Amino acid sequence: MKIREENEELVILFEPTERELLVSSLFELRKHYQQEISQLPESLRKFWQGELSRDPQLQSEFDDLIEDLSAERIELRSERLRLLEEWLSRDSPLRNPSKGFLRIAKKDIDQFLCLLNDRRLTLAIIHGITEEQMDWDPFLIKSKPLQQAIWEIHFLAYLQENCISYLMG
């Protein structure tokens, strides 16, 4: 992976395998964003609606905050879906194996990093992955779905770290 800046955009050039992993991951995230929150599994629905465990005596204090958080997260899903649609369009250089790069407007870099994190979090929630499991050697994990999820989470973290390192450098 190579990162450079061009005309107020961040350009990330991927190796073929990195590009395939990212495209696959982004398509899965797009499906997730397109799905109505009410249709998501309970754990993901709670995540997007901001349902937190809390003291029942403090319920009334949190009701307005939870409603605001839920509305904000739903709006973010729509914004991020719009960006995904652009980055995954048929004419996108990311979809073209001979090009294999992604152009991100500087104003959208934070959203890009957040959407990568959304995919990481949704994978962890779906598979019930704990922080402890994130330290496991993926080669020793017997469950293929869990192994693939952990690999994908690690890859997306690698991508986030490279972008942040470039931006801070």
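## Position of Asp108

Where is the place of Asp108? In this predicted model, Asp108 belongs to the loop that lies between strand 3 and helix 4. Its relative accessible area is 9%, and Asp108 therefore counts as buried, the limit for that term being under 20%. When neighbours within four places in sequence are left aside, Asp108 is in contact with Leu83 and Trp87.

## Overall organisation

The secondary structure of the chain consists of six helices and three strands. Along the sequence, these elements follow the pattern β-β-α-α-α-β-α-α-α.

The chain has 169 residues, and buried residues account for 39% of them. Its accessible surface amounts to about 10,400 Å², with 51% of that surface belonging to carbon and sulfur atoms. Among contacts between residues at least 6 apart in sequence, 67% join residues at least 24 apart.

The three strands form an open sheet in the order 1-2-3, and their pairing is antiparallel. Strand 1 (2-6) and strand 3 are the edge strands, each of which pairs on one side only. On average, and with direction ignored, neighbouring strands of this sheet are turned by 20 degrees against each other. In general, the strands of a sheet pair through backbone hydrogen bonds, in either a parallel or an antiparallel manner.

Strand 1 and strand 2 are paired in the antiparallel sense over five bridges. These two strands form a hairpin with two residues between them, and Asn7 in the turn has a positive phi of about 45 degrees. Glu6 has Glu9, in strand 2, as its bridge partner. Glu9 also stands opposite Ala105 in strand 3, while Leu10 stands opposite Ile104 in strand 3. The pairing of strand 2 with strand 3 is antiparallel and extends over five bridges.

## Helices against the sheet

Helix 4 packs on the sheet and touches strand 2 and strand 3. The direction of helix 4 makes about 125 degrees with that of strand 3. Helix 6, for its part, lies across strand 1 and strand 2, and runs at about 45 degrees to strand 1.

## Nonpolar cores

The largest nonpolar core has 32 residues, of which Ile12, Leu22, Phe112 and Leu159 touch the most other members. At least two residues of this core come from each of the following elements: strand 2 (9-13), helix 1 (16-34), helix 2 (42-49), helix 3 (59-87), strand 3 (101-105), helix 4 (109-127) and helix 6 (144-168). Another core lies apart from this one; that core has nine residues, including Ala124, Ile141, Ile150 and Ile153.

Which residues does Leu159 touch, not counting those up to four places away in sequence? They are Met1, Ile12, Phe14, Leu22, Phe112 and Leu116. Among these, Ile12, Leu22 and Phe112 are named together with Leu159 as the core residues that touch the most other members.

## The buried side of helix 2

Leu44, Phe47 and Trp48 are the buried residues of helix 2. They lie on the same side of helix 2 because the arc that they cover around the axis is only 90 degrees. Helix 2 is followed by Gly50, which has a positive phi near 70 degrees.

Notes: Residues are numbered from 1 along each chain as its sequence is written. This is a predicted model: local features need pLDDT of at least 70, side-chain atom pairs count only at pLDDT 80 or more; totals for chains, interfaces and linings use all residues. Side-chain values use heavy atoms; hydrogens and water are left out. A nonpolar core is a set of buried Ala, Val, Leu, Ile, Met, Phe, Trp, Tyr and Cys residues joined through side-chain atoms within 4.5 Å. Buried means under 20% relative accessible area, exposed over 50%, partly exposed in between (1.4 Å probe, protein chains only). Helices (H or I, at least four residues) and strands (E, at least two) are DSSP runs, numbered from the N terminus. Contact means heavy atoms within 4.5 Å. Accessible areas come from the Shrake-Rupley method with a 1.4 Å probe; for residues, only the protein chains shown count as cover. The arc is that of the directions from the helix axis to the C-beta atoms. Two strands pair if DSSP finds at least two bridges between them. Axes are lines fitted to C-alpha atoms, for helices over the stretch in contact, and angles run from 0 to 180 degrees between N-to-C directions.
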